[in-house]
Amino acid sequence: MIRTQVLGIGSYVPDRIVTNDELRFLNERHERQAEPTIQTDDAWIQQRTGIRERRYVANDGQTSTSDLALQASQRALADAGVAASEIDCIIFGSLSPDFHFPGTGVVLQQKLGISGGNCACYDIRQQCSSFVYGLQMADALIKTGVYKRVLLVGAELHSHSLDFTTRGRDVTVLFGDGASAMVLGPQDTDDARSGVLYTAAYADGSGANDLNLKIYEIKRLPYLDYDPKDRDNNKLMYPHMDGKRVFLNAIRGMVMSSQKALAVTGMTWDDITWFVPHQANLRINEKVVEFAKIPPEKALNTIQFYGNTTAATVPLTIDYWRQQGKVKKGDRILTSVFGSGFTWGAAIFQV
Ligand code: UT7
């Protein structure tokens, strides 16, 4: 039977580290000011979120989301021992695409040097749940023989669209820039527990107004009605979040989807090497571990030093802990994710 295998993983974060203390003094160009620009502090951020620092791209206006994705993709391809020319499908998850359209998948395809018609490109808009949604798509497309080498990418350049004033502090402190990628392919095997063995994706559109970044509304004329030079008066340019509703729904969605993943597959935590949740808030992940009765020593996080990189968080965290020597080839991961939409999901797979 054809089953989907993870052939390689790669990740990339920019070099610039922005600590909680530095963040307080940055303007919208990420330049340090003499006086604080955001009324917040390290103690508040760490206590509520666990975040100590995040990464930002250089503030020279030269880097796009696709550039972060390119770095992560090249690392994943090298890890898999697969040439870019062998990739016949890209699935690209991002809430911070290079442009409104076309999707960033085709931009990445071109940067990888594989444009020309032999590689399909999907762009998916499931925000923090992109990895599980994308993995489910990749698994279905591989198992049915449609594609043989799928590059699943999550990349975010958040730092250009955050509100560097006190008004936006609830959101701005959470997010960082980064990218991750996975190469997936088929293997003919009778081992029902190998490779990607479970994916489940959920959505509840009644949460669509609780976390979003509108920028424009197509129903309006003109559909863009702000002055981009007057950012302070243009709320549509910045993310909007009902933090408490997102927090509570995230815990519920991640707990229930993790428990269902085990129930459906007949597995227990003895069968799972690591729990790698989406990285939105360390306090969310601690509650999920507690309520879902997950052995705490199996939970892996990176939010403390990368913040929330949305579509990138799960393979980014796996890759980080692999480089630290914790995650090893063949380890079985259970992931659960939750994000804007609301969308959420869970997956079990071997790396
Ligand atoms: O991937 C999914 C994306 N997002 C999430 O999963 C985020 C989910 N939500 C959260 O993580 C939390 O709701 C936050 C960390 C965003 C906020 O924590 P909270 O405990 O829900 O705080 P709150 O929004 O209830 O605000 C409490 C107070 C308010 O002040 P007042 O009204 O009590 O005077 C806020 O204005 O904390 C204030 N506050 C801040 N203070 C310092 C909000 N953000 C900050 C900040 N620094 N960065």
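Predicted model: local features only at pLDDT ≥ 70, side-chain atom pairs only at ≥ 80, totals over all residues.
Helices and strands are here DSSP runs, numbered from the N terminus. The protein is divided into two parts, domain 1 (2–188) and domain 2 (196–211 + 239–350). The points below cover the sheet, the domain contact, the cysteines and the backbone.

**Sheet and packing helix**

- An open sheet is formed by 5 strands in the order β1-β7-β6-β4-β5, with mixed pairing.
- Its edge strands are β1 (2–12) and β5 (120–124), each of which pairs on one side only.
- Direction ignored, neighbouring strands of the sheet are turned against each other by 20° on average.
- Strands β4 (residues 89–93) and β6 (residues 150–156) pair in the parallel sense over 5 bridges.
- Ile90 has Leu151 of β6 as its bridge partner.
- Helix α4 (residues 104–111) packs on the sheet and touches β4, β5 and β6; the direction of α4 makes about 125° with that of β4.

**Contact between the domains**

- The C-alpha centres of domain 1 and domain 2 are 17 Å apart.
- Domain 1 contributes 51 residues to the contact, and domain 2 contributes 43 residues.
- About 3700 Å² is buried between domain 1 and domain 2, and carbon and sulfur atoms give 59% of that area.
- On the domain 1 side, Cys128, Phe131 and Val132 lose the most area to domain 2, together 17% of what that side buries.
- Cys128 counts as buried, with a relative accessible area of 8%.

**Cysteines**

- The model has 0 disulfides, by the rule that a pair of cysteine sulfur atoms must lie within 2.5 Å.
- Cys119 is in no disulfide, because its nearest cysteine sulfur, that of Cys121, is 4.6 Å away and the cut-off is 2.5 Å.
- Cys119 is buried, at 8% relative accessibility.

**Backbone geometry**

- Lys293, a residue other than glycine, has a positive phi near 55°; Lys293 lies in the loop between α8 (282–291) and α9 (303–306).
- Thr310 also has a positive phi, near 50°, and is found in the loop between α9 and α10 (313–323).
- Lys293 is exposed, with a relative accessible area of 67%, whereas Thr310 is buried, with a relative accessible area of 0%.

Definitions and conventions
Residues numbered from 1 in each chain as written. Heavy atoms only, no water. Buried < 20%, exposed > 50% of the residue type's maximum accessible area, 1.4 Å probe, protein only. Pairing = 2+ DSSP bridges. Helix = DSSP H or I, 4+ residues; strand = E, 2+ residues; numbered from the N terminus. Axes fitted to C-alpha atoms, helices over the stretch in contact; angles between N-to-C directions. Contact = heavy atoms within 4.5 Å. Domains from an automatic or database assignment. Buried area = accessible area lost by both parts, 1.4 Å probe.
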